[in-house]
Amino acid sequence: AFVGIVRCVQETGIIVGSYIHSEIEPNIGTKAGIVFLESEATNLSGLKKLANSFALQVTAMRPLYVDKESMPQELQKTKGKDKSFLEDMVLMDQEYIESDEKKTVREILVQKQYEFKGKIT
């Protein structure tokens, strides 16, 4: 099976990262993730790598929501404090799979904003 990062391009301050995990068998197992990052930071190669890495995260971990605020109100009321649910279903609360350290995607994003000297959304 082929596993690889397909492409990442910059257009008008938006970085597009993608990841495709190809078939395990014919018509079985193809998964893809696409992530858009917006930033005024000038480290384009670092931003492209980060966007691709987040696309891998989305493909592998399959979060339903970017952050707790993007969850429907009713779900926020019932599951908004359930740490296990948040770690499974909310991208920013998931453990970052490309790090040996136990950091969340949110913590990596904050670290990269500091490192690249610019806000990333």
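Predicted model: local features only at pLDDT ≥ 70, side-chain atom pairs only at ≥ 80, totals over all residues.

Me: Is F54 buried or exposed?

Reply: F54 is buried, and Y96 is buried too.

Me: How many aromatic pairs does the structure hold?

Reply: There's one aromatic pair. It is made by F54 and Y96: their ring centres are 6.0 Å apart and the planes sit at 90 degrees, so the pair counts as edge-to-face.

Me: Where do F54 and Y96 lie in the chain?

Reply: F54 is in helix α1 (residues 44-61), while Y96 is in the loop between α3 (83-89) and α4 (105-116). The pair therefore ties together parts that are 42 residues apart in sequence.

Me: Switching to the core. Which residues have the most contacts inside the largest one?

Reply: Those are L37, L50, F54 and I120, in a nonpolar core of 19 residues.

Me: And which elements each supply at least two residues of this core?

Reply: β3 (14-21), β4 (31-38), α1 and α4 each do that. The largest share comes from α1, with six residues.

Me: What about a second core?

Reply: A separate one has five residues, including Y65, F85, L86 and V90.

Me: Back to the helices. At what angle do α1 and α4 pack?

Reply: The angle is about 175 degrees, and the axes of α1 and α4 are 12 Å apart. Angles over 145 degrees count as roughly antiparallel, so that's how α1 and α4 run relative to each other.

Me: Which residues meet there?

Reply: From α1 you have G46, L47, L50, F54 and Q57, and they meet V105, I108, L109, K112 and F116 in α4.

Me: What does that contact look like by class?

Reply: The contact of α1 with α4 has seven nonpolar residues, two polar and one charged.

Me: Now the big picture. What pattern does the chain follow along the sequence?

Reply: It reads β-β-β-β-α-α-α-α, which comes to four helices and four strands.

Me: How much of the chain counts as buried?

Reply: Of its 121 residues, 35% count as buried.

Me: One last thing: what share of the contacts with a separation of 6 or more comes from residues 24 or more positions apart?

Reply: Those account for 44% of such contacts in the chain.

Methods:
Residues numbered from 1 in each chain as written. Heavy atoms only, no water. Phe/Tyr/Trp six-rings, centres within 6.5 Å; stacked < 30°, edge-to-face > 60°. Buried < 20%, exposed > 50% of the residue type's maximum accessible area, 1.4 Å probe, protein only. Core = buried A, V, L, I, M, F, W, Y, C linked by side-chain atoms within 4.5 Å. Axes fitted to C-alpha atoms, helices over the stretch in contact; angles between N-to-C directions. Parallel < 35°, antiparallel > 145°, perpendicular 65-115°, else oblique. Contact = heavy atoms within 4.5 Å. Nonpolar A, V, L, I, M, F, W, Y, C, P; charged D, E, K, R; others polar.
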